[in-house]
Amino acid sequence: KAPFARRGGQLLKGVCAMCCDTKQKIAQALRQLMLERPLKKITVQDLMERTQMKRQTFYYHFQDIYDVLVWICRRQLVEPLERPDYASFEEWLTTALKLLDCDRQFYRRAMAAADPSPLNALCEELLRPRLRALLFGCREERLDENQRFVLDFAMHAVVDQLRRLLLSRRPLDLSEARAKAVCLLETFGLDEAERNNAVHIAGA
């Protein structure tokens, strides 16, 4: 059984690698097309003509154009920020700002999408656990109605500030952005130990 199991495992790895490669090619085609026209004017047909693949291949891997957009953001932004080994909140925040800034043009165009809900959901997935840990130090199910209101308000405020930051033509000053974030958190009464502990609570 062992040789069959090994061959089966190798076959599965090969299929997964091919699947990821196909997704990457579709994602790269979308990035290229986004430099040429608004996202709302890009069709599945445009993508598959650029990749020289069949239209059916797209729907095997993705539901729609926004699904590709989310896949790109998840791979290059969310996954690196979900690592559990950040030593401090400031380190996590600095990494997030660097990732956004190094591909600012792409994220700016993504935010101009006709339907912002997929990206908003992705932002919530990334930010909500960390803001919840920062403000309340507990899991979602332990929040009361007022705490949920505060958390929703804080999350929407952070997303709005990130949007403003990306849309700004000013070069990103990491030190300035980090200092403002720390100042805001200190206003909430969160000292450095509480901020750093929140990184580990959110990643637990």
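Contact here means heavy atoms within 4.5 Å. With that in hand, Ala29 touches Leu47, Arg50 and Thr51, leaving aside residues up to four places away in sequence. The structure is a predicted model, in which local features need pLDDT of at least 70 and side-chain atom pairs count only at pLDDT 80 or more, while totals for chains, interfaces and linings use all residues. Residues are numbered from 1 along each chain as its sequence is written, and side-chain values use heavy atoms, with hydrogens and water left out.

Ala29 is found in helix H1; helices (H or I, at least four residues) and strands (E, at least two) are DSSP runs, numbered from the N terminus. Ala29 counts as buried because its relative accessibility is 3%, where buried means under 20% relative accessible area, exposed over 50% and partly exposed in between (1.4 Å probe, protein chains only). Along the chain, Ala29 and Arg50 are 21 residues apart, yet their C-alpha atoms are separated by 6.1 Å.

Beyond four places in sequence, the contacts of Leu30 are Leu39, Ile42, Leu47, Ile65, Val68, Leu69 and Ile72.

Turning to the cysteines, the count of disulfides (pairs of cysteine sulfur atoms within 2.5 Å) comes to zero. For Cys73, the nearest cysteine sulfur is that of Cys123, 8.0 Å away. Cys73 is buried, since its relative accessible area is 3%, whereas Cys102 is exposed, with a relative accessible area of 62%.

Two further places on the chain deserve a look. Gln52 is not a glycine, but has a positive phi of about 60°. Gln52 sits in the loop between H2 and helix H3 (55-61) and counts as exposed because its relative accessibility is 73%. Phe153, in helix H8, is likewise classed as exposed because its relative accessibility is 59%.
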